[in-house]
Amino acid sequence: MQGMSERQYAAHVGLSRGAIQKAKAAERLVLYPDGSINAAASDARRAEMTDPSKTRMPPGPKLKPVPEAAVAAVGDTLREQGLAVPAVGGGTTFLQAKTANEVLKAQERRIRLQKLKGELIERARALALVFRLAREERDAWVNWPARAAALMAAELSASCRDATGQQITVEPAAMQKVLEKHVRAHLDELAEVRPDFR
């Protein structure tokens, strides 16, 4: 075989084998006597016979710049999984980015499954629930001295005696004021606590 086969010439010019067969049938290719394709002569003939406005330009690389935030996210994901992280400014390889993408997809599926199972709830809902529970707890503590003062006063009066042995009477109203003072001080301390919802 003197020249190229249809398959070889198709690879040479970047066309399909069917397109080469059509060009061969339209006599736009130069053939050797054995039927093989003369590549150099065929390239020249095709250039002469082809309308430039109808030629397709080979697609250029469609590379878009990758934002630094995306590269940092890939590094963070790889680091969380204990995998190798690219050096700063060294660039992320396709394999590293693909691995990070697969890890993120798996994490997303796991979170979705946990939501479906009821193991996870929305952050806003959790905050509202915690706020409601904290308010109910605060209200219960604020109302507690009024309920407990009379009982505590009666218990203390029954068990307290002065130096002469006489029973001391504790006033429920005084007991309630003391209890309220201590409960409010405790609630003020609790109000300083700020949960970290990160």
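# Group meeting: a helical model

Now the ground rules. This is a predicted model, in which local features need pLDDT of at least 70, side-chain atom pairs count only at pLDDT 80 or more, and totals for chains, interfaces and linings use all residues. Residues are numbered from 1 along each chain as its sequence is written, and side-chain values use heavy atoms, leaving out hydrogens and water.

First, the overall picture. The protein chain has 7 helices and 0 strands, so from the N terminus its elements read α-α-α-α-α-α-α. Helices (H or I, at least four residues) and strands (E, at least two) are DSSP runs, numbered from the N terminus. Of the 198 residues in the protein chain, 15% are buried. The accessible surface of the chain is about 15700 Å², and carbon and sulfur atoms account for 58% of that. Those areas come from the Shrake-Rupley method with a 1.4 Å probe; for residues, only the protein chains shown count as cover. As for contacts, meaning heavy atoms within 4.5 Å, I take those between residues at least 6 apart in sequence: 38% of them join residues at least 24 apart.

Next, the core. Which residues make up the largest nonpolar core? It has 7 residues: Y9, A10, I20, A23, L29, I37 and A39. Helices α1 (6-13) and α2 (17-25) each supply at least two residues of this core. By nonpolar core I mean a set of buried Ala, Val, Leu, Ile, Met, Phe, Trp, Tyr and Cys residues joined through side-chain atoms within 4.5 Å. In soluble globular proteins, nonpolar side chains tend to be buried together.

Two residues touch this region from further along. A39 is in contact with M4, Y9 and H12, not counting residues up to four places away in sequence. S42 sits in helix α3 (residues 39-49). Is S42 buried or exposed? S42 is buried, with a relative accessible area of 0%. Leaving aside neighbours within four places in sequence, S42 contacts Y9, R28, L29, V30 and I37.

Back to α1 and α2. How do their axes cross? The axes come within 9 Å and cross at roughly 105 degrees, and the two helices are therefore roughly perpendicular to each other. Axes here are lines fitted to C-alpha atoms, for helices over the stretch in contact, with angles running from 0 to 180 degrees between N-to-C directions. Angles under 35 degrees count as roughly parallel, over 145 as roughly antiparallel, 65 to 115 as roughly perpendicular, and the rest as oblique. On the α1 side E6, R7, Y9, A10 and V13 take part, and they meet R17, I20, Q21 and K24 in α2.

E27 lies in the loop between α2 and α3 and has a positive phi of about 60 degrees although it is not a glycine. E27 is exposed, with a relative accessible area of 60%.

On to charges. How many salt bridges does a search of the whole structure find? The search finds 7, a salt bridge being a side-chain nitrogen of Lys or Arg within 4 Å of a carboxyl oxygen of Asp or Glu. Side chains of opposite charge can pair when their charged atoms come close. E6, R17 and K24 are linked in a network of salt bridges.

In helix α5 (residues 94-117), K105 and E102 are 3 residues apart, about one turn of the helix. Their closest N and O atoms are 3.2 Å apart, in a salt bridge. K105 is partly exposed at 30%, and E102 is partly exposed at 38%.

That brings me back to E136. E136 forms a salt bridge with R132 at 3.0 Å, N to O; both lie in helix α6 (residues 123-159), 4 residues apart, about one turn of the helix. R132 is partly exposed at 42%. R138 and D139 also form a salt bridge, at 2.8 Å, N to O. R138 is partly exposed at 40%, as is D139 at 32%.

Last, Q176 in helix α7 (residues 172-191). Q176 is partly exposed at 26%. Q176 and A148 are 28 residues apart in sequence and 7.8 Å apart in space, C-alpha to C-alpha. Not counting residues up to four places away in sequence, Q176 touches P145, A146 and A149.

Terms used. Buried < 20%, exposed > 50% of the residue type's maximum accessible area, 1.4 Å probe, protein only.
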